Amino acid sequence: MFSTSALKVHNLSTHFYTRQGVVKAVDGVSFTVEAGHALGLVGESGCGKSVTALSISGLVKPPGRINSGEVWLNGRDLLKTPPRELRRLRGREIALVFQDPLASLNPVLSVGLQLVETVLSHEKVSAGLAKKMAVVQLHRMGLPDPDRLMRCYPLELSGGMCQRVLLTMALLLHPKVLILDEPTTALDTTVQAQILSELKRLQEELKMAVILVTHDMGVIAAMADSVAVMYAGSIVERAPVAELFDRPAHPYTRALLCSIPRFGQEALVPIKGQPPSLLNLPDECAFLPRCPEAFTACRGKRPPLTTVGPGHTAACHQLCLPAMVEVSKR
Ligand SMILES: Nc1ncnc2c1ncn2[C@@H]1O[C@H](COP(=O)(O)OP(=O)(O)OP(=O)(O)O)[C@@H](O)[C@H]1O
Ligand SMILES: [Mg+2]
């Protein structure tokens, strides 16, 4: 199977085998991200966004295990790639940035050394050139006085600066796929805007495919071309960004859009009820117990993803059975 998209995830399932039982953190997730495009991944806490990001990057640790799926990058299935080869690809082809920058930087090595080593571990260039590349990229991320910064240690920097150093590290090797898990949450709005515009510029210039995990719909609106909405380990809706905001097709997406801050909107409506336990997922729509629009036909089976418009799919029985909805409304 060969694909022209930069990244193609097919039927990915990652489960955690715990004493309490099997946690189905990611359960049959499929999506593609084209080169030069950004996919926003949204959903309530615990729905499986980070585990999806870790699975794609081959970083799932026991008791987690990828049970099934394919992750295609450049005609190669990453899930069938030997660990040593995968380590080589990570950084160069696929880079991942997490929210907690201090946990990802080595506190006893200077910023410069860490950046230079990142380049040298993947590229056959001189240390001098590696240093130059690092300084240029730090400057592009809006970091003042990059030469001085290269000599600093992570603990001497603010959280926002550390985060920009990590992004710099991820971008240094011009990866084909960049996965950002809540990358700007810890940053103040001005810095966030600067980083997002630099990311957008690089995404277009380098034709990177970006997966952006965030709770912030403002960030989605600024960055994403399309959005995937996750609920209880599955994607329940996928649409181009404007389409998702204007015509959300899944009741969960509608509830989510009302529940999280968006464009300075004040009155937020929380989603009633709790997400289901991923230990005992019912074999029917997982949103059913919380769905304000549920009807009898929602019981007993899972709704498949149905096409509702160009590039727009959603998994809701209402969309499969429009005739029944009409009947139930009468
Ligand atoms: N090591 C683990 N052992 C058991 N369960 C785990 C483990 N790591 C994650 N999970 C479970 O997998 C599910 C998905 O977690 P994940 O971290 O992907 O959520 P998330 O969507 O990223 O949430 P958030 O928005 O809070 O970051 C959660 O129910 C979580 O409890
Ligand atoms: Mg997460």
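Mentor: Gladly; we will take the sheets one at a time. This is a predicted model, where local features need pLDDT of at least 70, side-chain atom pairs count only at pLDDT 80 or more, and totals for chains, interfaces and linings use all residues. Residues are numbered from 1 along each chain as its sequence is written, chains are lettered from A and ligands numbered from 1 in the order in which they are written, and side-chain values use heavy atoms, leaving out hydrogens and water.

Trainee: In the open sheet of four strands, what is the order?

Mentor: Strands here are DSSP runs (E, at least two residues; helices are H or I, at least four), numbered from the N terminus. Two of them pair if DSSP finds at least two bridges between them. With antiparallel pairing, the order is β2-β1-β4-β5.

Trainee: Which strands stand at its edges?

Mentor: An edge strand has a single partner, so one side is left without a neighbour in the sheet. That describes β2 (21-33) and β5 (76-77).

Trainee: Which residue in β2 stands opposite threonine 14?

Mentor: Strand β1 (residues 7-18) runs antiparallel to β2, and ten bridges join them. Opposite threonine 14 stands valine 26.

Trainee: At what angle does helix α1 run to β1?

Mentor: Axes are lines fitted to C-alpha atoms, for helices over the stretch in contact (heavy atoms within 4.5 Å). Angles between N-to-C directions run from 0 to 180 degrees. Helix α1 (residues 49-56) lies across β1, β2 and β4 (64-73), and its angle to β1 is about 110°.

Trainee: In β8, what is the bridge partner of aspartate 181?

Mentor: Strands β7 (residues 177-181) and β8 (residues 209-213) run parallel, joined by five bridges. The partner of aspartate 181 is valine 213.
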